Amino acid sequence: MLEQLLIFTRGGLILWTCKEIGNALKGSPIDTLIRSCLLEERSGDVSFNYDAHGAAYTLKWTFHNDLGLVFVAVYQRILHLLYVDDLLSLVKQSFAEIYDPKRMAYDDFDETFRQLRKEAESRAEELRKTKQVGKPLGNVKKQGQVSKSGLEGGNKRISESGGSKKDDGDGNKAKVGNLTNGHSNGNHQMEDDSQTSDLANGKENTTDNVALDLSKLQKLRSKGVRGRGGIRKADSIGNKGSKVTAAEPAKKATKKNRVWDDAAPKQEKLDFTDSVDENGNNDHVDIVAADQGESMMDKEEVFSSDSESEDDDEPGSDEKPEAKKKGWFSSVFQSITGKANLERTDLEPALKALKERLMTKNVAEEIAGKLCESVEASLEGKKLASFTRISSTVQGAMEDALVRILTPRRSIDILRDVHAAKEQRRPYVVVFVGVNGVGKSTNLAKVAYWLLQHNVSVMMAACDTFRSGAVEQLRTHARRLQIPIFEKGYEKDPAVVAKEAIQEATRNGSDVVLVDTAGRMQDNEPLMRALSKLINLNNPDLVLFVGEALVGNDAVDQLSKFNQKLSDLSPTGNRSLIDGILLTKFDTIDDKVGAALSMVYISGAPVMFVGCGQSYTDLKKLNVKSIVKTLLK
Amino acid sequence: MDNLEDLKILAEQWFHQGVEFFQQIPPTQLYAAIGVLLLTTILLVSIRLFRRTKSNTVLLSGLSGSGKTVLFYQLRDGSTHQGAVTSMEPNEGTFVLHTENIKKGKTKPVHLVDVPGHSRLRSKLEEYLPRAAAIVFVVDALEFLPNCRAASEYLYDILTNTSVVKNKIPVLLCCNKTDKVTAHTKEFIRKQMEKEIEKLRVSRSAVSSADIANDFTLGIEGELFSFLHCYNKVTVAEASGLTGDTDQVQEFIREYVKP
């Protein structure tokens with residue numbers, strides 16, 4: 001069951017909660033959702049899973065960007081509630097109507113919510129039932145009188161009828177939204193409609209009913225076939241429309257619209273319970289006719305969707321030219337007055353351009369896509385101020401998002417942490433991990449140099465016992481920097497070497513131990529296991545992932561796999577994830593700074609250092625503002 | 001050259017015309033025009049000066065979960081409504097404080113801004129700092145110790161911010177949630193935070209040479225840090241957003257935004 005439904009402002013004030021449900025949530029799923037999902041630019045995701053002691057919730061949310069409202073539904077993860085999305089959008093629509101920024105209590109919304117919930121639940125129930133009809137045989141038998149011959153042919157079609165049912169549902173939803181239009185029935189009547197249809201559908205479940213579903217399908221099918229196989233008479237009208245829509249996948253919305261109009265009247269037919277018999281009879285004939293061509297039907301299934309969509313597009317062509325005629329004038333007008341509400345289709349071109357720009361800056365494609373989705377979610381439905389272009393609005397939103405991502409979540413003041421560790425009389429342990437050849441040892445030396453400058457005593461631990469020359473390389477650095485190095489030669493277990501190094505550091509009073517590890521590819525299972533062992537055995541204060549700024553799409557893979565493997569292979573399963581990122585070779589990439597963004601987004605860890613040259617002094621902190629500027633340039 | 005001469009003549013002609021035109025106008029009208037011109041400039045300048053000297057913006061800052069939003073609505077409406085969740089955007093409002101509303105008629109409204117405490121949204125604070133008259137830094141007195149370091153770091157950033165130092169913006173360290181029995185006292189919190197900031201001062205002054213943007217160092221060299229050493233005034237107060245015990249905060253606000 002639904003655990004909780006909250007409505008709150010982006011400012012954080014709860015406007016309405018469902019008192020009726022009234023279950024106290026375990027932990028604080030809402031705050032966690034906001035902190036680790038919505039504020040991390042992951043609001044484009046579908047749902048969020050929250051785990052706490054003895055509670056596993058799934059959260060779904062939707063925004064009303066114009067009014068600055070957030071709607072969140074919480075339910076137990078084991079229950080797959082189908083109606084939650086539906087319910088959220090219904091609640092959004094009706095709450096937006098009564099929302100007033102000055103008003104703080106919405107007690108009267110309880111009643112509306114109850115109705116909406118009932119509606120959504122019943123619709124989901126309906127959907128499930130229609131789906132069940134198609135699936136197992138036993139179920140159908142329970143429902144009785146569907147003849148077996150009809151079953152096989154009808155099986156697929158029924159499942160499709162489920163689909164059309166869903167569309168009906170969409171139609172309903174739209175009607176509820178369009179209440180003010182007056183073209184549809186009032187709210188109550190609407191409810192009645194759905195309830196009666198429920199009755200007809202759910203309670204009786206007779207042959208007639210099933211047959212009716214079939215029949216509806218049949219009709220659709222025959223229409224589709226006609227529209228397609230028939231002498232393409234519709235082409236003169238339909239072709240243009242279909243081509244246009246094919247060219248613009250963005251116009252999917254209009255397609256859906258079409259289905260409602262087609263299906264809604266049919267649903268009305270359901271209400272005339274008297275005439276069902278007639279209909280049913282007719283349809284039986286249809287079924288028989290259809291059964292003969294069963295195998296063909298299966299074949300047709302492939303393009304029946306095509307034909308249907310063509311069928312859909314046909315009337316779409318009527319709307320299209322009109323829209324185009326309107327286009328020029330309204331766009332000029334809109335640019336002056338400011339657009340009413342931004343829609344997905346308006347944002348798409350600007351976002352696409354932005355995504356491409358990000359990708360040319362070497363941001364991983366997946367990340368760029370997710371970011372754009374999140375920006376889209378935050379802008380959809382917002383009012384565009386006058387004399388602003390969509391592209392500039394989108395750019396502004398993206399800039400905000402980027403700054404938010406790159407701003408470190410945890411403190412990156414290592415010196416402070418070092419001092420804290422010093423007070424506890426233990427060394428501060430930093431482990432450098434990463435793939436081969438990214439510059440772990442070089443940057444370890446740079447970090448050592450930086451720490452030395454701040455009067456911190458440093459010790460190196462040569463735990464790269466694998467690559468020949470690694471220990472010597474580190475020894476050279478140690479000699480130049482005049483710091484002690486702990487080494488045990490090659491072919492030793494690095495975890496043990498690190499442990500001994502830390503013990504040694506505790507003995508001789510070093511403040512920081514910098515542990516160098518062998519480079520490894522993220523897919524190399526045995527080496528990853530060794531690394532996991534090293535980290536779990538020694539429990540370092542900081543695990544620095546060293547990544548080169550040259551990396552493109554692979555950054556996502558590297559970091560996510562490292563993170564994953566480290567948490568998978570750890571026996572305790574808790575900490576020991578990557579705490580920070582060291583970005584190397586930053587001087588070689590000019591303006592392609594995207595790797596920084598990809599890495600930070602995927603791991604959630606901040607960039608702590610940036611290596612930008614060959615000498616010991618070439619270690620910097622990341623300048624968030626300049627990175628964002630470069631990314632959007 | 002000819003062209004230049006022509007132009008000169010033309011200009012002289014226009015000048016004469018202008019002078020004649022002026023002589024035709026009655027002097028009273030001229031004076032009136034000049035008077036209006038002067039008045040508007042004076043008005044504009046005075047408005048600007050007025051604004052700069054008397055900002056009425058008070059910022060509510062602090063870590064996420066310390067109770068800023070609740071305090072904001074407590075000050076505005078005298079009610080917490082139905083509670084709050086983590087803020088994603090600042091709450092802003094210009095209003096007369098709730099309790100004053102009842103007592104007197106005319107008071108200067110306060111522009112109160114509740115800046116989200118989530119570390120990703122810290123950058124928002126900098127937008128508001130230049131026009132702030134006072135800052136209320138909210139600390140969770142109940143869950144103080146685990147958050148002590150983070151809170152101190154945030155406070156350190158605020159205290160070393162350029163506009164805070166330059167404008168000497170007063171800061172109130174508001175210990176929230178004191179209605180609970182296990183809450184720490186304000187003296188304890190002040191001492192702990194001073195200790196933390198002392199440590200930060202050491203490590204940050206080392207870092208700032210790299211490039212963290214703290215232009216100012218806090219306190220006096222060679223002495224343990226105390227809030228008394230700050231460039232601006234730092235005071236400590238107790239409050240409870242939940243029960244509406246916000247007298248000390250209101251007093252503080254009214255000290256810097258005169259009614």
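**View 1. Chain A, a chain with 40% of its 633 residues buried.** Here, "buried" means that 20 or more other C-beta atoms, placed from the backbone, lie within 10 Å of a residue's own C-beta. This is a predicted model, where local features need pLDDT of at least 70 and side-chain atom pairs count only at pLDDT 80 or more, while totals for chains, interfaces and linings use all residues. Residues are numbered from 1 along each chain as its sequence is written, and chains are lettered from A, with ligands numbered from 1, in the order in which they are written. If you trace chain A, you'll pass 22 helices and 13 strands (DSSP runs numbered from the N terminus: H or I of at least four residues for helices, E of at least two for strands).

**View 2. Chain B, with 9 helices and 6 strands.** Of the 259 residues in chain B, 36% are buried. Take the contacts in chain B between residues at least 6 apart in sequence: 74% of them join residues at least 24 apart. A "contact" here means two C-beta atoms, placed from the backbone, within 7 Å.

**View 3. Where chain A meets chain B.** How many residues of chain A are in contact with chain B? There are 27, and they touch 29 residues of chain B. On the chain A side, two or more residues come from each of β2 (14-17), α1 (29-36), α14 (390-406) and α15 (414-423). Helix α1(A) gives the largest share, 4 residues.

**View 4. Thr69(B), in helix α3 (residues 68-77) of chain B.** Is Thr69(B) buried or exposed? Thr69(B) counts as buried because it has 29 C-beta neighbours inside 10 Å. Leaving aside neighbours within four places in sequence, its contacts include Gly11(A), Gly12(A) and Leu13(A) from chain A, plus Ser87(B) and Asp114(B) from chain B. Ser87(B) is 18 residues away along the chain, and its C-alpha atom is 7.6 Å from that of Thr69(B).

**View 5. The largest nonpolar core, with 100 residues.** A nonpolar core is a set of buried Ala, Val, Leu, Ile, Met, Phe, Trp, Tyr and Cys residues joined through C-beta atoms within 7 Å. Met460(A), Ala461(A), Leu514(A), Val515(A) and Ala596(A) touch the most other members. Helix α21 (residues 594-603) of chain A gives the largest share, 7 residues. The core lies between domain 3 (338-406) and domain 4 (414-631) of chain A, because both give residues to it; the domain bounds come from an automatic or database assignment. Zoom in on Val515(A) and you'll find Val429(A), Phe432(A) and Pro540(A) among its contacts beyond four places in sequence.

Terms used
A residue is buried if 20 or more other C-beta atoms lie within 10 Å of its own, exposed if 12 or fewer, and partly exposed in between; C-beta atoms are placed from the backbone.
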